[in-house]
Structure formats: structure tokens, C-alpha cells
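Here are my notes on the model, point by point. Please read them with the structure open.

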Amino acid sequence: MKKIISLLLSLTLVLSLAVPALAETWQADDFTLQIPDGMYRLSPDLSQDDPAWALAGVADPAAKIEDYVDMGVLVNFVSQDKGTSISIMQRTSDYAVNIHSLALLDEEKKAQVLADLAESNNEDLTITKDWFPAGDILFYRVRLDMAGESPMHELLYGTIINGYALNIDIFGGEEPISPQQEAMMEDLVKSIQFTNITEKPLPDPMDLTSTLVLLALLLVSILVPLVYVPVKSKRDKREKARLAEQLSEYHRTHGANEAEGQILFQNRTDCTKEAIHTFSYFQAYVKNMGELIFGAMMCLVMLGTSFLLDAEWWIKLIAAGVTVYYAYKIIAMPGAVEKIQLKVYGRGPSQTAQYIFYPEVFRVSGIQSTSVVPYFQITDVRRRGQYLYLYYGPDNAYMVDQYGFTQGEFEEFQQFIREKTGKK
């Protein structure tokens, strides 16, 4: 019996030496990997009271967990001698979602992916990049070696699959990555098995529709000013040319500064800086209210839609840029008008406009050389506060103060000018 027991114990010992211990498996949502021997396992969901933190040399587990979450670390393997730290990181981005899987790319696009990885102009930093196939999965391999006063060494394997980037990173710090660590990384990468590989989803028709709508809004927001401004300018020029020709014809038959008939109204208006300032705000905001509302609504709809529908970043950037440009133009409009008006009124000998209104024309002096203006030259009539604005161009008007009448009443003058110009 003793001989039989000794034989069985010897056989058991031989079998235990011949059969290696099975490596421990770590499992994520859609892949598994073999944990290297002699490693502490740290992760964002590991309790802060777990002794593994202290054994791995982590003094502040809460801060480490926060770093893991920020970096997208699923699990961090730390050797018992604390000399090796391997992080498994998973990050989702628009770039990864668009590629979905490296296996779907042709050679040209794969080369572009490799070229986009870890670029630097630092002469002390050496970057080596190549491909590392592991079964059916293609990994990129990036080695970084920093020389100089602050040496640094890092080795990273990664792939893009299922719409996310999976990176396996070993940070050597000041110490170069050893051959043993390289072999450990290769074995770990080769052990990765994906339990579920998804197909690249087809584009969402709603996303495509939203993108097209946003692009249309962007196009309209950009093209409307580009088309409207030249068209409006050309229209204004035609109107000025027509009025100039009509005025020349009137002067040929009636004389340049001749006024016939009895004086119906007389007015003196002080064209002070305050009065010009008031006109500038009226011209910028009230007279052009329709255009401002249209532009503001376009910007708000475009900007709101781009963020509510979570459009591409470049569409959001363009929408924000167009909105900021419109806002700047709106804010700057009164100042631009005021500068022009100050120049116009600054040319005359006086800041007081003197008006004499006859049955067919009115005479203006003071703010300019004395001139006679037929009523058909008035293109628009507007009232704001105490002033009546007699427009003789799209952006210029004679200011008539309702309290400045020395002959006639303001209410009668309103009725008179309405009849003469046909403007309400």
C-alpha cells in the first residue's frame, strides 16, 4: 500500500509540472484577454477600500479612479514590483464611429490612420509606428522615446473596432521599455478575443436629412446677404439715377433754385449730435426691422438646430461663426450710420436746418448750400419721436422737428407732406 501511495503522489507531481497553470481571463463587454501573471488588477469600479490599491502603491484611490474615468481606462494591470503598468483604454469618438473598424478600410485609408497617430515636431521625441496583426484583428503599434533632460518611453497597441478605439498602453517613464515588457505586451494583445463584432450601421436617414437642412440654412444665411446687398445696391443706384434725371429735367424747366407760390410752412431744426444719434438708431433698427428680424431668426434657427440635432462639429462651428458675424454687424450698425450722418451734416455752415415749404418744392439752407428740392425727390417719410424724416435716399433724410415750425402747424404739415409725396 505504501508503494502504491508513493507511486500515485509521484504521478501527480509529474502531471502538475507537465500541465501549465491556466492564465486568468479578464472580460469586457465584447472582448476578453488573458491577464499577465503576477499583476494587480485596478479599475474604475474597484472599491476604494480594496487592498489592491495599497499593494499596487496607489495612495489616493479616488484621484486614480477619476483619472481612469477621464482617460477611458477599463482596467489597469500593475506588476507586484510596481515596475510595469499596463492600461486597457476604450474611447468613443466621431472619428472612430466613422471608421467603425480598421478591417473595413483599404490600404490607402489604413496608411492615413497610421499617419494621423502621434505626430510631433519635437526633435527629442522619436516616434515609431507600424502594424501588428493579431489573428483576424489588425492593431497599430506606436513607440515613443523622448530623449533630453526629461526622458520618457511608452509603447502602445491599439485598434478601431465596433465604433470605438481600443488601446493597450505601457508607460515606462524614464526607463526604456524592456524586451520582457515588449514580449508581455505582445502576448496580451494576441490573447484578445472579441466575442461580438458588429457591422457598421447604415447612415440614419434622419441624420442625413438634418445635415441637409442645416447645410441649406447655412447656405441661405450666407447667400442671402451676398445676393441681397448687391441687388439692393443696384436697385438704389437705379432709383438715384432716375431721380437725378427727373431733377435735371425739372431744373431745365423751372430753374435750379427757383421756388414759386406762397410760403406754406417754415421750420428751423437743430441737427445736433443727439438728433443725429436718434436718427442713426432709427435708421439702423426701426426702419430695417424686417431685415433684422429675418437675419436674427435665421441665425437662431440655424444655431439651435445644429446643437439640438447634434450636428457635426464643423457645422456647429460655421453656424456659430455666422451668428457671431450677424450679431457684430447688428451691434455696429448705428455707429456706422452715425459716422456717415456726422460727415453729411458737418459739411454745412450751420447745424441748424432752415426749411421753407412751397406748393411744389421746399428750400433747404443752413446745413448745406441753399437748394430747392421738389417733393417727388422724397422717397420715403417716417416719424420717430419729435422728428419727421424726409428721405431723399435709402440712408439719408432731412430731419424736421415738430417743435421747430415758425409758420404753420405740425399736424397740417403732416397732412400736406402726405399728399405731396404719397407716403403714409
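The points below run from the whole chain to single residues.

1. Basis. This is a predicted model, in which local features need pLDDT of at least 70, side-chain atom pairs count only at pLDDT 80 or more, and totals for chains, interfaces and linings use all residues. Residues are numbered from 1 along each chain as its sequence is written, and side-chain values use heavy atoms, with hydrogens and water left out.

2. Overall. The chain has 11 helices and 18 strands. These are DSSP runs numbered from the N terminus: helices are H or I with at least four residues, strands are E with at least two. Of the 424 residues, 38% are buried. Buried means under 20% relative accessible area, exposed over 50%, and partly exposed in between (1.4 Å probe, protein chains only). Contact means heavy atoms within 4.5 Å. Among contacts between residues at least 6 apart in sequence, 57% join residues at least 24 apart.

3. Cores. A nonpolar core is a set of buried Ala, Val, Leu, Ile, Met, Phe, Trp, Tyr and Cys residues joined through side-chain atoms within 4.5 Å. The largest holds 32 residues, and Phe 362, Leu 390, Met 399 and Phe 413 touch the most other members. Two or more residues come from each of α8, α10, β12 (352-357), β13 (361-365), β16, β17 and α11 (410-421). β16 gives the most, with five residues. A second, separate core of 27 residues includes Ile 35, Met 39, Leu 155 and Ile 170. In soluble globular proteins, nonpolar side chains tend to be buried together.

4. Met 399. Beyond its neighbours within four places in sequence, Met 399 has contacts that include Ala 275, Ile 276 and Phe 279.

5. Helix α8. This helix (residues 273-286) has 14 residues and reaches 19 Å from first C-alpha to last, close to the 20 Å expected. The expected span is 1.5 Å times one less than the number of residues.

6. Ser 280. Is Ser 280 buried or exposed? Ser 280 counts as buried because its relative accessible area is 0%. Its side chain reaches the backbone nitrogen of Glu 338 at 3.3 Å. A polar contact is a pair of N or O atoms within 3.5 Å; within protein, one must be able to donate a hydrogen and the other to accept it, and residues adjacent in sequence count only if both atoms are side-chain atoms. Ser 280 also touches Gln 341, among others.

7. Asn 396. This residue lies in the loop between β16 and β17. Asn 396 is partly exposed because its relative accessibility is 21%. A polar contact of 2.9 Å joins its side chain to that of Gln 341. Asn 396 and Val 344 are 52 residues apart in sequence but 8.8 Å apart in space, C-alpha to C-alpha.

8. Thr 352. This residue sits in strand β12. Thr 352 is buried because its relative accessible area is 13%. Its side chain makes a polar contact of 2.8 Å with the side chain of Asp 270.
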